[in-house]
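Here are my notes on this model, point by point. Please read them with the structure open.

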Amino acid sequence: MKLICANFKMNLTSRVLKIYLDEVSGKIKDNVVFFPSVLYLSMFKERGYTVGSQDISFKEFGSLTGDLSVTQLKEFGIDYTIIGHSERREFYNDSKYVKNKVKIALTNNIKTILCIGENLKEFEEGVTLDILKKELDTALKSNLKYINNDNLIIAYEPIWAIGTGKIPTNKILTETIKEIKDYLQESYNLKLKVLYGGSVNLENIIELEKISLIDGYLIGGASLNPDKFLSLINKVN
Ligand code: PEP
């Protein structure tokens with residue numbers, strides 16, 4: 001079964017989420033992981049869903065105002081975390097911390113969704129693979145002893161596709177995901193799952209499902225509406 005990650009980002013409130021949870025009740029399979037705001041993790045846990053955090057701190061404890069430690073997050077029952085989302089890389093300089101965050105997550109037995117992706121300029125210049133390899137190297141090189149084929153999952157998210165409604169053609173996506181998988185195998189002897197993220201929606205999911213190399217999806221905007229989300233995940237094999 002493909003892995004489906006619903007990233008709510010900084011959206012929705014407890015009132016709306018109660019309605020959301022009632023609407024999806026009994027219709028969510030085990031392959032779905034919810035990433036709501038940490039404030040609402042327990043609402044999802046109480047209903048028996050698998051949950052993750054949208055980020056973790058690069059340190060376990062300390063004087064880091066506003067940060068959330070993996071140990072604290074584990075108390076809320078997270079099994080997953082996202083690391084290196086492009087929004088965090090852009091606004092919080094996260095590329096600098098990805099290496100430490102991956103180490104902290106994996107040594108605490110938290111499955112890690114590592115986001116990688118090129119921006120529009122890089123895509124147009126044809127340097128996508130250089131960017132992806134660099135981001136993979138930063139996260140993997142010093143952490144190899146903690147990584148196995150189950151605890152690290154790659155989310156390929158072209159930055160220009162996030163929240164824009166644009167996605168790469170199936171041909172480009174197939175080639176890029178194949179290159180990522182080949183690189184992981186050849187350079188690190190790893191066979192990791194690769195998710196696709198970036199404007200996945202009801203209109204494009206049928207085409208995306210034709211790409212057999214995709215192991216799942218990281219879904220932002222289209223996960224916020226319960227009916228749309230249910231229709232979407234019902235189209236995923
Ligand atoms: C994301 O931010 O990871 C994402 C995939 O968002 P969207 O689906 O809204 O493009």
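1. A definition comes before the aromatic residues. Rings of Phe, Tyr and Trp, the last by its six-membered ring, pair if their centres lie within 6.5 Å. Planes under 30 degrees apart count as stacked, those over 60 as edge-to-face, and the rest as tilted. Keep in mind that this is a predicted model.

2. Now the cluster. Phe8, Tyr20, Phe34, Phe44, Tyr49 and Phe229 form one aromatic cluster. The count by the pairing rule comes to 11 aromatic pairs. Take Phe44 and Tyr49: their ring centres are 6.5 Å apart and their planes stand at 55°, so this pair is tilted. Phe44 is buried. Tyr49 is buried as well.

3. Another pair deserves a look. Phe123 and Trp160 have ring centres 4.5 Å apart. Their planes are at 35°, so this pair is tilted. What does the pair tie together? Phe123 lies in helix H6 (residues 120-125), while Trp160 is in the loop between strand S6 (152-156) and helix H8 (170-188), so the pair ties together parts that are 37 residues apart in sequence.

4. Are Phe123 and Trp160 buried or partly exposed? Phe123 has a relative accessible area of 26%, so it is partly exposed. Trp160 has 12% relative accessibility, so it counts as buried. The cut-off for buried is under 20%.

5. Helix H4 (86-92) comes next. Arg89 lies in helix H4. With 15% relative accessibility, Arg89 counts as buried.

6. The charged end of Arg88 sits over the ring of Tyr92. The distance from the ring centre is 4.1 Å.

7. On to the ligand. How many residues surround the ligand? There are 14, and the closest are Lys9, His85, Glu157, Gly163 and Ser199. By class, the shell has four nonpolar, seven polar and three charged residues.

8. Please check these ligand distances on screen. An N or O atom in the side chain of His85 is 2.8 Å from an oxygen atom of the ligand. For Glu157, a polar side-chain atom lies 2.7 Å from a ligand oxygen atom. Gly220 takes part through its backbone: a polar atom there is 2.9 Å from an oxygen atom of the ligand. On its own the ligand has 290 Å² of accessible area, and the protein covers 95% of that.

9. Leu12 is not a glycine, yet its phi is positive, at about 75°. Leu12 is found in the loop between strand S1 (3-7) and helix H1 (14-24). Its relative accessible area is 24%, so Leu12 is partly exposed.

10. Asn93 is the other residue on my list. Its phi is near 55°, a positive value in a residue other than glycine. Where is Asn93 placed? Asn93 is in the loop between helix H4 (86-92) and helix H5 (98-107). At 44% relative accessibility, Asn93 counts as partly exposed.

Note on methods:
Residues numbered from 1 in each chain as written. Predicted model: local features only at pLDDT ≥ 70, side-chain atom pairs only at ≥ 80, totals over all residues. Heavy atoms only, no water. Buried < 20%, exposed > 50% of the residue type's maximum accessible area, 1.4 Å probe, protein only. Helix = DSSP H or I, 4+ residues; strand = E, 2+ residues; numbered from the N terminus. Lys NZ or Arg CZ within 6 Å of the ring centre and 35° of its normal. Near = heavy atom within 4 Å. Polar contact = N/O pair within 3.5 Å; in protein donor to acceptor, adjacent residues only side chain to side chain. Areas by Shrake-Rupley, 256 points an atom, 1.4 Å probe, with all protein chains shown as cover. Nonpolar A, V, L, I, M, F, W, Y, C, P; charged D, E, K, R; others polar.
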